[in-house]
Amino acid sequence: MSNKMWGGRFSSAPDAIMEEINASIGFDYRFASQDIKGSLAHVSMLAQTGIVTPETAKSIAQGLSQILAEIEAGSFTFSRALEDIHMNVESRLAEIVGPEAGRLHTARSRNDQVALDFRLWIRDTIDQLDRQILDLQHAFAEKALAHAATIMPGFTHLQSAQPVTLGHHLLAYVEMLGRDRSRFQDARRRLNECPLGSAALAGTSFPIDRHMTAKALGFDRPTANSLDSVSDRDFVLETLSAAAITAVHLSRFAEEIVLWVTPQFGFAKLSDRFTTGSSIMPQKRNPDAAELVRGKSGRIIGSLTGLLIVMKGLPLAYSKDMQEDKEGTFDALQSLSLCLAAINGMVLDIQPDLKRLKASAGSGYATATDLADWLVKALKLPFRRAHHVTGELVGLAAQRGIGLEKLSLEEMQKVEPGITKDVFSVLGVDKSVRSRTSYGGTAPANVKSQAKAWLKKLDRLK
């Protein structure tokens, strides 16, 4: 008896372990709507080019619509023996339509079919992620506007560096996410070519119209090389690369949340909605949502790395190794979507401790750069000389355990005689942030303007 999927070439059924390793229906069922959408476009084209009759096309289209309704209702039975979503749909179509269902596969292969399904799924997923990133940018920008003048410490090397505003800090993530959106949009633009009609690898001798199916499915054009069409997974790699970079950005903010909510920092608090307790220590409030975002970034990066390794050794055109492109991609993009939602929730939920932030902003001699700048502007010292003088004054203040603003004028003049009482005008954290008026600087007026500009732009895009 011949194999029910492969017909006369195979005389027996596959071994159980072969079926186990070969089947992909356990994960590629996610392509159901894309697979049926592609088949509807394909059969419509087959009818319009005279390859199948209008009656056959109508019958097949009705059967496909019925299958989609069954899948959406949860009444469709997926079979591992039928291996993948394509054969599951085709088998059910044959039950509904009869032998004429077999005409649907004219002038196409599962190779171009899965390439199409994956492109459609990635395109849909990018659109969803784009909306989520926009929402997160909006949440950051709103919070930034509310805290345009809230002073906090700015860090380099996680050491106190210069005072900044919380709004300025949050707007940095709006900028990062803007680049993330751009990378996803670039990936979407490049993937928007239709591989359907490339068949197994060489194209087809049937008089198909690939431009027709490309247009029907919302693509810019058909792909230009049939070999590349079925063996290309650059569109997945690009999307995973954009996802990995986005995940890194989310992870960095998650790490900051973890630090900020510790008693040692005490910069902010998360409510019960985004924290958990301890099974043994009743005082604990753990930022588990932030920690999980930080952890999931590793999974997303791992999916990108995994697919790069799968693809690096494959000759043209399609090889079964490429079946391993899906599970990691599904997991990565689902994880990213969850991380975006979690960070959005935490941005809206987090409550900064304004007093603690301001007090910490002045620690660690954070206005030392303001003093050095004053020496350059007021006394015309070369910056390197001003840097040296400021370092001496910081050392003196540190020996006495006081802030720079607590040094007397006489003490300062022993280090640099030209210093006047005007120096005290630059040593407060409020004065420091207000002075940073260069474009992109942390001055509250700048931050307010940038936050409003972002909100206006984001509202237009929604």
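So, when I say two residues touch, I mean heavy atoms within 4.5 Å. Keep that in mind, and remember this is a predicted model.

Let's start with Ala 199. You'll find Ala 199 in the loop between strand 3 (193–194) and helix 8 (210–216). Is Ala 199 buried or exposed? Its relative accessibility is 8%, and buried means under 20%, so Ala 199 counts as buried. Who's around it? Leaving out residues up to four places away in sequence, Ala 199 touches Arg 108, Ser 109, Asn 111, Asp 112 and Val 230. And if you like C-alpha distances, Ala 199 and Leu 227 are 28 residues apart along the chain, with their C-alpha atoms separated by 9.3 Å.

Okay, on to helix packing. Two packed helices are described by the angle between their axes and the distance between the axes. Take helix 3 (residues 32–48) and helix 6 (residues 110–146): their axes come within 9 Å and cross at roughly 120°. Angles of 65 to 115 degrees count as roughly perpendicular and those over 145 as roughly antiparallel, so helix 3 and helix 6 are oblique to each other. The crossing of helix 3 and helix 6 is right-handed. On the helix 3 side, the contact is made by Gln 34, Asp 35, Lys 37, Gly 38 and Ser 39, while helix 6 brings a list including Leu 116, Trp 121 and Arg 123. By residue type, that contact of helix 3 with helix 6 has three nonpolar, four polar and five charged.

Now the second pair, helix 14 (residues 368–379) and helix 15 (residues 383–400). These pack at about 135°, with axes 8 Å apart. Helix 14 and helix 15 are therefore oblique to each other, and their crossing is right-handed. Among the residues meeting here are Leu 371, Leu 375 and Val 376 from helix 14, and Phe 383, Val 389 and Leu 393 from helix 15. What does this contact divide into? Ten nonpolar, one polar and one charged.

In soluble globular proteins, nonpolar side chains tend to be buried together. Here the largest nonpolar core has 93 residues, and Phe 140, Leu 250, Phe 253, Leu 336, Ile 343 and Met 346 touch the most other members. Helix 10 (residues 234–260) gives the most to this core, 14 residues. Zooming in on Leu 250, its partners beyond four places in sequence are Leu 136, Leu 177, Val 293, Leu 336, Cys 339, Leu 340 and Ile 343. Apart from that core lies another, of 20 residues, with Ala 386, Ala 397, Leu 404 and Val 415 among them.

Methods: Residues are numbered from 1 along each chain as its sequence is written. This is a predicted model: local features need pLDDT of at least 70, side-chain atom pairs count only at pLDDT 80 or more; totals for chains, interfaces and linings use all residues. Side-chain values use heavy atoms; hydrogens and water are left out. Axes are lines fitted to C-alpha atoms, for helices over the stretch in contact, and angles run from 0 to 180 degrees between N-to-C directions. Helices (H or I, at least four residues) and strands (E, at least two) are DSSP runs, numbered from the N terminus. Angles under 35 degrees count as roughly parallel, over 145 as roughly antiparallel, 65 to 115 as roughly perpendicular and the rest as oblique. A crossing is left-handed if the near helix is turned anticlockwise from the far one by less than a right angle, and right-handed if clockwise. Ala, Val, Leu, Ile, Met, Phe, Trp, Tyr, Cys and Pro count as nonpolar, Asp, Glu, Lys and Arg as charged, and the others, Gly among them, as polar. A nonpolar core is a set of buried Ala, Val, Leu, Ile, Met, Phe, Trp, Tyr and Cys residues joined through side-chain atoms within 4.5 Å. Buried means under 20% relative accessible area, exposed over 50%, partly exposed in between (1.4 Å probe, protein chains only).
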